[in-house]
Amino acid sequence: MSAATALATNPFGSPKSSKELPAYSTPLSIINSAIYENVNNIFAYNSFSNPELLHSYIKSWLQNANNTDDKFFKEFDIRSGAGLGPLGFIKSQQNSVIANPHTVSTIITPSYGLPFFYDALSSAKANILLNVGALNYNQESGSIINDYSTSLNFASSLNYNVLTPISNNEVSNLTSLSVVLSKFGLKTMNLFDSINYSNTIIKTPSSCSASPINVQDVTLKLSKLVSTPNPSFNEVLEKFNELTGAKLHNFHYSGNFENPKTVFVTYGSLESQLFNSFMEENSNGDVGIISIRIPLPFDLEKFIALIPNSTKNLIFINQKANNSNLIKSNISAALFYFNRHSINFTEYLYDSNFIWSPNAVSKIISSFTSTSIAASNSSQGFIYYSNDKSENIDLFSKLAISLSEDNNEINLRTKFDNILNAGTFQAQLSINNNNNNRNGNIISNIDTAEISIVEDVSILKNLNVLNTLKQNGTLIINTKENFEFVQDSIDTFVKGLNLSLNLLNQLIENIKLIIVKYSDGENFSIVNQAVFYKILGAQDIVSKIVINDPEFDRDDLPSILEKAFAEDLIEIENDSLSNLVKQTELDIENEKKEQEQEQEQEKEKTEQEEEEQQEEEIILPSFVNETSFVPNTSTLPKETTTNISNSTEISKILSFKESYGVNHLLRPDLPIKNFIVKVKSNKRVTPEDYDRYIFEINFDISNTPDLKYDIGEALGIHAENNSQDVQEFLQFYNLSGNEIIMVPNKDNNKILEARTSFQAFKENLDLFGKPPKRFYESLIDYAEDEEDKTKLQELISPAGAVDLKRYQDVEFYTYVDILKLYPSCKPSLSDLTTLIAPLKRREYSIASSQRVHPTEIHLLIVVVDWVDNQGRKRFGQASKFISDLKVGQELVVSVKPSVMKLPPSPLQPVIMSGLGTGLAPFKAIVEEKLWQKQHGMEIGEVYLYMGSRHRREEYLFGELWEAYKDAGIITHIGAAFSRDQPEKIYIQDRIRENLSDLKTAMIDKNGSFYLCGPTWPVPDITKALQDIIEADAKEKGIKVDLNAAIEELKESSRYILEVY
Ligand SMILES: NC(=O)c1ccc[n+]([C@@H]2O[C@H](COP(=O)([O-])OP(=O)(O)OC[C@H]3O[C@@H](n4cnc5c(N)ncnc54)[C@H](OP(=O)(O)O)[C@@H]3O)[C@@H](O)[C@H]2O)c1
């Protein structure tokens, strides 16, 4: 991390000692301090993005400490069998010293690692405190998220008690409580919001100057007070609160307790804190909030006691997760057992990547109640947006330092979005004016900023910065553009921001705009700090300015500022932009008219077209998407638009790489890590005379030690077009193949890559793919021949729909075919790069387990082929490319995570149904079971059902399965060959032959059912699984809703589908 980045994220520096934290710190450093002070054995597991995220303070204190004899600290990576290391150490310690019943060891881990601890911790006898950051990753949005459900499910299955802080103020005391509980042998998990707690700087609560609660002392006193040496959770909790004066009860009520109509139930640190802050601002409504501090054990009685009699609606704010009904079912149970049937209980479900902000909370509350929302004015918010690699990234930290010296209470939250603009940094600063010691007032997403400063103008093109500005707020934009402070120049600049009319109007009516000429070096931060204080009406601006450079002479400040205020910035008069708005309105009006005319000509629009149009409308997000804890490490060209540059520009870029920030990357795909692997073997597994080409390809990964994969994961392959086909096309199109062009990157079209035209058509563009309707439509503008034009126009008209479908789905015309069919359409080379869709990465389930094959990846693939109307043999682009790879050839690949995981315990049975090449991931699973057995684990039953066309030609991995059966790994093989006899035999028939064994495995022994292959058999196989459940229910004499049972299995990851 660069010095500027370190300062940007923590202006007050890392605490030097665990005993005394600085005036401002992160809640995570407070948790680290309480652990460091009270626990001797610390086992820390690394997180993604920032490995030391959860334990960096502990590590630095240990490195600084002189005497570390009484502390044991070790770092680990999360892997299968995690937890065995700590257990081994603890056991050896228990044997070697006189056992102290109050010795506590702690494991610090992100929540996504917990399933790997299952085996170790289910047998642990020692007092192990789990410190868990609720961290996970949302694959779809690419964001880092808080995930509580993985931890809650884990804790529930191993009988751990769970504590989660509901305000920054209590993180220290709650951590101390968790240590005390562990000292009394109570299995405890301290579960907290690792994202906000690591990236927010708060005023250190006064009680945190050292470990606020003397855990040693409290434990001693408590051991005299409790009734038995093994007291209950409730007894320790109650006595702890009595002894320390802390009020850490299971639940916390805020808001109207007299006669509320609606009560919200919240769980999660940020969620609870935001709802409680809302209540502090709006205390007179008919709303109450119950925040859950101790979700496990969920105390039904204490919960019900907090629901006032007047309550009509109870709303649980619940994170949408496929397996998190634990709290919800406890709330339902409480209402049921205590006869509160009249209460209407609902949940408000939010996605794991939902961006919580004060506005979001007030919207949710007002959507359920009639509570009028008073605008909060107790704090002021400010937002800063910069490029994440900028030297000015620390601007807001300098403001934070200066503002905190004025006796204000400040709060700083920083975020990294590695994707937006190839890396965007955001800092949110708030000042609590009332000084009412509400440092519980966590900020995560300010949605009403007084001032926003934009360092990099291009951010405005991707983010709706105006949406988070207050009415009459100020937007400060720094620009490197060389413009004069004259109206024309300003108009051009604002026009260049490409704001919609709505936003332009908003800018004129509600927002003050200040444009600052970008100044280099320290001057950037000096000028922006000065403008900031000027807007706030500060008195002595010069004295407030913080400067990093020790060489800088502060006496120069007044003259720098005088010059800047006179020459380098301009406050735009709102009126002066009204002409621009009028002009834009006019442009839009004209555009509309043109569109209307066009629409009249073409009255009937199909629904599909409308959908396509809607899809194209881009709504800019208001908040950055937090994807990482660190800046994006790849260096990319700063301005990344998809405009194709002309060749002179490109050669300039390529000749002056440094000035243009050009970088050679393996694949410049941002979120996905790519590796080069080598083909080790590639062999057809179906006979030569058989019409299906199925092959097993193995890659050598010994040169890429960072390439790690788990069972069930898939390998993403960047397939290429056939060189000869590309050459033929270039010849037809009269291109040499050596022209240099910029093409959008396949995974992120905001990034451009320089390629020769040959390379681009071979590696980037889906030249032999099926063009969508839009392509036909775009060609119309290029048609020089009237006949071509008319034919294309017909094709995209409603009347041409049948012909178009024939082109696409019967003839399978490719882009090349269409360009040949309409030879008068000759888009330029650079136009072709935008008209032709990019080649997509294809994914194949990995057929090997890395434990058994540490330096290999195996795949099993069928070459997709068919014969088109013209009798040409056609192939699936990717499968054909991979089948043609030669031994030793290199290839770019990436690993795609998967939902397919083994059950937490090796004893739980697995039942696998693989269709055709869908068998691939099951070879990995069986190999993993072999590994478990070889490592002394007792393994549960393994059922393998496989379905393919013919035994002779397609008994895929057949010999291997038989060998695993002989070795006692596979319990039973159910093979169905559908076309070996007149009637179809499918795997569901084989499953039904073993109903009795399968119901024991699936229901009594908590088995998991996996299905992999094509999508169409899913309903039939699901029905077979329902038959298993029904048979079991009949035997037990109970009635079950079979559909609900399937949903339940899916939710608890026991029915896992990998179909495509
Ligand atoms: N390679 C991988 O890593 C991987 C991973 C996951 C998924 N996939 C997908 O798996 C598929 C594999 O294709 P494939 O060509 O190998 O499969 P396939 O041969 O077309 O089908 C496999 C077997 O399933 C049978 N089947 C058809 N309908 C069924 C039904 N309703 N219930 C039960 N069985 C039924 C087929 O019988 P009949 O045809 O005789 O009726 C055949 O015996 C591809 O779509 C691929 O995308 C592949």
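The legends below go with a set of close-up views of one predicted model.

Local features are taken only where pLDDT is at least 70, and side-chain atom pairs count only at pLDDT 80 or more, while totals for chains, interfaces and linings use all residues. Residues are numbered from 1 along each chain as its sequence is written, and side-chain values use heavy atoms, with hydrogens and water left out.

**View 1**
The shell around the ligand holds 24 residues, and the closest are Arg692, Ser978, Arg979, Lys984 and Tyr986. Sorted by class, that gives 10 nonpolar, eight polar and six charged residues. The classes go like this: Ala, Val, Leu, Ile, Met, Phe, Trp, Tyr, Cys and Pro are nonpolar, Asp, Glu, Lys and Arg are charged, and the others, Gly among them, are polar. Three strands, β28 (842-845), β34 (942-948) and β36 (1008-1013), each supply at least two residues of this shell. Strands here are DSSP runs of E with at least two residues, helices are runs of H or I with at least four, and both are numbered from the N terminus.

Leu860 puts a backbone N or O atom 2.8 Å from a nitrogen atom of the ligand. For Ser948, a backbone N or O atom sits 3.1 Å from a ligand oxygen atom. Gln988 uses its side chain instead, with a polar atom 3.1 Å from a nitrogen atom of the ligand. On its own the ligand would expose 920 Å², and the protein buries 88% of that. Areas come from the Shrake-Rupley method with a 1.4 Å probe; for residues, only the protein chains shown count as cover.

Side chains of opposite charge can pair when their charged atoms come close. The rule used here asks for a side-chain nitrogen of Lys or Arg within 4 Å of a carboxyl oxygen of Asp or Glu, and the count comes to 46 salt bridges. In this one, the side chains of Arg413 and Glu626 meet at 2.9 Å, N to O. Arg413 belongs to strand β17 (residues 409-417) and Glu626 to the loop between α22 (607-616) and α23 (647-655), so the pair ties together parts that are 213 residues apart in sequence. Arg413 is buried at 1% relative accessible area, and Glu626 is buried too, at 8%. Buried means under 20%, exposed over 50%, and partly exposed in between (1.4 Å probe, protein chains only).

**View 1. Salt bridges at Glu843.**
Glu843 pairs with Arg841 at 3.4 Å, N to O. Glu843 is partly exposed at 23%, and Arg841 is partly exposed at 22%. Lys896 also forms a salt bridge with Glu843, at 4.0 Å, N to O. Lys896 is partly exposed at 33% relative accessibility.

**View 2. Thr686 in its loop.**
Thr686 sits in the loop between β23 (674-684) and β24 (694-700). Thr686 is buried, at 4% relative accessible area. The Thr686 side chain reaches the backbone nitrogen of Ile694 at 3.2 Å.

Most residues other than glycine have a negative phi, and most peptide bonds are trans. Leu296 and Pro297 are joined by a cis peptide bond, with omega at about 0°, and Pro297 lies in the loop between β13 (287-292) and α12 (300-305). Ser49 isn't a glycine, yet has a positive phi of about 70°; Ser49 is partly exposed at 32%. Asn734, also not a glycine, has a positive phi of about 65°. Asn734 is in the loop between α25 (723-732) and β26 (740-744) and is exposed at 70%.

Note on methods
Near = heavy atom within 4 Å. Polar contact = N/O pair within 3.5 Å; in protein donor to acceptor, adjacent residues only side chain to side chain.
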